[in-house]
Amino acid sequence: MLLAAGLAVTFAGAATAVPGLPFLQLSSGARSAAMGGAAVALADPEALYHNPAAIPLGSSTAAFSHTEWIQEIRHDYVTLSRATGDRALALGLQLSQATDLEFRTGPSSESLGDFGLYEGALALGYSRAWSNSTRLGAAFKLIRQSIYTQSATGYAADVGAVRHIGSELAVAVAARNLGRMDALDRTATELPKALHAGLAYAGVQRLLLAAEARRVAGATTVHFGAEYRLGERLHLRGGYQTADSRDLGFGIGVQSHSYRVNYAFVPFASGLGDAHRFSLVFRPAP
């Protein structure tokens, strides 16, 4: 399903039935993937990709993430953020690729060769504390898409807000992928414009709970996640979502001084396979 969405633009110039560029719908990190994608209210080193208002303040970070998605699709992310006082700046690079796809011009038993699908985005995000309880953020993305011999460029913006109610509850909203693409061959790929709203609750000892509702292309999905801290270094995670072809997610995080290693496992239905996501987050000592 996701690969079909990524290839929704046809060379015959037919209208796009569903949004393309599915990698823009995903948050980058293994942490959020394991928690069912319920990430809009999570302060996270890779928040640039799900809500720029949640880019952490107080420390600078470097994060690297790799995903072995279904159908041999791969995603890679690099995120650098620098926080100073009540504001933070983040730079991110997203790359998505699927190679060795068979090329045909019509029904046939033999392909005419192989081709690749390559998509990427360069993002610059900014977050600032508007008050003691409210943070606002925005990000601008330059997008590049290449399918076979055709390519296109575009741009998009994300905006978001996070409000803290006491020390235990955060509520957040975000609008993502507001922009446009140039024509690929004769038809422009439609961006997956999305509206997110959710919360994160840390009022139970050692337990973080998150929930999110997401509206994309006229369809609404709900996402729930939990993270339990076992000891000082180990985090156990699980999540559920109502997205097509997948529901449960599981993961683990290991903290060691200034490093955190995260892993997520997300099984897909309908024989599509399983997704594995890995993240490495480095937070240097101040």
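## About the model

The model is predicted, so local features need pLDDT of at least 70 and side-chain atom pairs count only at pLDDT 80 or more, while totals for chains, interfaces and linings use all residues. Residues are numbered from 1 along each chain as its sequence is written, and side-chain values use heavy atoms, with hydrogens and water left out.

## Salt bridges

Side chains of opposite charge can pair when their charged atoms come close. With a salt bridge defined as a side-chain nitrogen of Lys or Arg within 4 Å of a carboxyl oxygen of Asp or Glu, the count comes to nine.

One of these joins R31 to D44, whose closest N and O atoms are 3.1 Å apart. Because R31 lies in helix α2 (residues 30-34) and D44 in the loop between α2 and β1 (61-68), the pair ties together parts that are 13 residues apart in sequence; here helices (H or I, at least four residues) and strands (E, at least two) are DSSP runs, numbered from the N terminus. Both R31 and D44 are buried, where buried means under 20% relative accessible area, exposed over 50%, and partly exposed in between (1.4 Å probe, protein chains only).

A salt bridge also links D182 and R180, at 3.4 Å from N to O. D182 counts as partly exposed at 34% relative accessibility, and R180 counts as partly exposed at 45%. In another salt bridge, E212 pairs with R214 at 3.2 Å between the closest N and O atoms, and both E212 and R214 are buried. Through shared partners, salt bridges join R31, D44, E227 and R237 into one network.

## The largest cavity

On a 1 Å grid over the protein atoms alone, a cavity is a set of points where a 1.4 Å probe fits but cannot get out, and lining residues have an atom within 4 Å of a point. There are three cavities of 30 Å³ or more, and the largest cavity holds about 130 Å³ of space. Of the 13 residues that line the largest cavity, L26, G37, Q241, R246 and R277 are the closest to its centre.

## The largest pocket

A pocket is an open set of grid points with protein on both sides within 12 Å along at least five of seven lines. The largest pocket has about 660 Å³ of space and is lined by 34 residues, of which R31, A43, L208, E227 and R260 lie nearest its centre. Among the elements that give two or more residues to this lining are β6 (150-165), β12 (219-230) and β15 (259-267).

Note on methods:
Grid points are joined across faces, edges and corners, and a volume is the space filled by probe spheres set on the points.
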